[in-house]
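Have the model open as you read.

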Amino acid sequence: QLPKDVYVILKIYKSIGQEVTTLVNDVRSAGYHQELWDAYSVASGMYIYQLAFVNEHGTKEFYRKKMLVVR
């Protein structure tokens, strides 16, 4: 959920830090959003998604979470 319109970057990385794809790289409006990642072309394993945006204080925030792709 976004409290206001913000510039958002959502990326997927391999567990070793190599970027796999960028899902979002633009301004998103306030409210709830959902993005789907078609992981068909990647191998099973651990991946990290990173959400970056500028908060109301003008500083960039990062959120990182792990996810597992299983075939």
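K11 stands opposite T22 in β2, where strands (E, at least two residues) are DSSP runs numbered from the N terminus. This is a predicted model, so to speak of local features a pLDDT of at least 70 is needed, side-chain atom pairs count only at pLDDT 80 or more, and totals for chains, interfaces and linings use all residues. Residues are numbered from 1 along each chain as its sequence is written, and side-chain values use heavy atoms, with hydrogens and water left out.

Stay with that pairing for a moment. β1 (residues 6-14) and β2 run antiparallel, joined by eight bridges; two strands count as paired if DSSP finds at least two bridges between them. Between the two strands of this hairpin sit four residues, and G17 takes a positive phi near 100°.

Now slide along to R28, which belongs to β2 (residues 19-28). R28 is the bridge partner of V6. The side chain of R28 also makes a polar contact of 3.0 Å with the side chain of D26. For that label, a pair of N or O atoms must lie within 3.5 Å; within protein, one must be able to donate a hydrogen and the other to accept it, and residues adjacent in sequence count only if both atoms are side-chain atoms. And what else does R28 touch, not counting residues up to four places away in sequence? The list is L2, K4, D5, V6, V8, H33 and E35, with contact meaning heavy atoms within 4.5 Å.

Time to zoom out. Along the principal axes, the C-alpha atoms of the protein fill a box of roughly 40 × 20 × 15 Å.

What about the other pairings? β1 meets β3 in the antiparallel sense over seven bridges, and L10 has L51 as its bridge partner in β3. β3 and β4 are antiparallel too, over ten bridges, with A52 opposite F62 in β4. Their hairpin has five residues between the strands, and here G58 takes a positive phi near 85°.

Last stop: the largest pocket, with about 450 Å³ of space. On a 1 Å grid over the protein atoms alone, a pocket is an open set of points where a 1.4 Å probe fits, with protein on both sides within 12 Å along at least five of seven lines, and lining residues have an atom within 4 Å of a point. The volume is the space filled by probe spheres set on the points, which are joined across faces, edges and corners. Of the 23 lining residues, L10, H33, Q34, E35 and L51 lie nearest the centre. β1, β2, β3 (45-54) and β4 each give two or more residues to this lining, and β4 gives the most, with four.
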